[in-house]
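Subject: Structure handover

Dear colleague,

Here is the structure I promised to pass on. Please open it first, then read my notes below.

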Amino acid sequence: MSILDEWQNPAWRGTPCTSDAWPFSPDIAVFEARRAIGQLVRTLGEANPSGLESSDVDPVLRYIRAARDLEKIMGAIRKDLVAEARARGLTWEMIGRSEGTGRRAAHNAYSDGLPDGRLEQLRDRAVA
């Protein structure tokens, strides 16, 4: 049974997200994603322990929200990486292959580029 099958199984009996063992997976990408979500939950909880929303009665709801937030953040980071790749002269075909798509799909998804000044802002942060 794959990890996706476990998530879709209504009788899921996996490791609870609040367990220290939750991040562990033989799939390194799953491990890193779970670890990042858990860290985000802990960091946000420490930063604002009394400001939990009413929807946070069950800890798994904090993990769901953190996963959603991380997904949005990763989308922005992906756009930054594509802009950097284009600035380095990499082709849409190369970018598409790294995304698991083709040249046209990558171009359609990212050709709008970054807002004015974003690439310079990223360069400044990298140097600082």
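A residue counts as buried here when its relative accessible area is under 20%. By that cut-off, 19% of the 128 residues of the protein chain are buried. Keep in mind that this is a predicted model.

**Overall layout**

The protein chain has six helices and zero strands. Its pattern along the sequence is α-α-α-α-α-α. Take the contacts between residues at least 6 apart in sequence: 43% of them join residues at least 24 apart.

**Helix H3**

Start with H3, which covers residues 59-87. It has 29 residues and reaches 42 Å from its first C-alpha to its last. That is close to the 42 Å expected at 1.5 Å a residue. Its buried residues include Tyr63, Ala66 and Leu70. Asp80, Val82, Ala83 and Ala85 of H3 are buried too. Just after H3, Gly89 has a positive phi of about 90°.

The largest nonpolar core has eight residues. Its members are Cys17, Trp22, Ile37, Leu40, Val41, Tyr63, Ala66 and Leu70. Both helix H2 (28-47) and H3 supply at least two residues of this core. A second, separate core has six residues, among them Ala85, Trp92, Ala106 and Tyr110. In soluble globular proteins, nonpolar side chains tend to be buried together.

Trp22 deserves a look of its own. Which residues does Trp22 contact, leaving aside its neighbours within four places in sequence? The list is Thr15, Pro16, Cys17, Arg34, Ile37, Gly38 and Tyr63.

**H3 against H4**

H3 packs on helix H4 (residues 92-99) at an angle of about 145°. Their axes are 10 Å apart. The crossing is right-handed. From H3, the contact uses Arg78, Val82, Ala85 and Arg86. From H4, it uses Trp92, Ile95 and Glu99. By type, the residues of this contact are four nonpolar, no polar and three charged.

Arg78 lies in helix H3. Is Arg78 buried or partly exposed? Arg78 has a relative accessible area of 44%, so it counts as partly exposed. Neighbours within four places in sequence aside, Arg78 is in contact with Glu99 and Tyr110. Arg78 and Tyr110 are 32 residues apart in sequence, yet their C-alpha atoms are 9.4 Å apart in space.

Ala106 sits in helix H5 (residues 103-110). Its relative accessibility is 1%, so Ala106 counts as buried. Which C-alpha separation goes with the 10 residues along the chain between Ala106 and Gly96? The two C-alpha atoms are separated by 4.9 Å. Again leaving aside neighbours within four places in sequence, Ala106 is in contact with Trp92, Ile95, Gly96, Thr101 and Ser111. Trp92 and Ala106 both belong to the second core.

Over to you.

Best wishes

Definitions and conventions
Residues numbered from 1 in each chain as written. Predicted model: local features only at pLDDT ≥ 70, side-chain atom pairs only at ≥ 80, totals over all residues. Heavy atoms only, no water. Helix = DSSP H or I, 4+ residues; strand = E, 2+ residues; numbered from the N terminus. Expected span 1.5 Å × (residues − 1). Buried < 20%, exposed > 50% of the residue type's maximum accessible area, 1.4 Å probe, protein only. Core = buried A, V, L, I, M, F, W, Y, C linked by side-chain atoms within 4.5 Å. Contact = heavy atoms within 4.5 Å. Axes fitted to C-alpha atoms, helices over the stretch in contact; angles between N-to-C directions. Left-handed = near helix turned anticlockwise from the far one by under 90°. Nonpolar A, V, L, I, M, F, W, Y, C, P; charged D, E, K, R; others polar.
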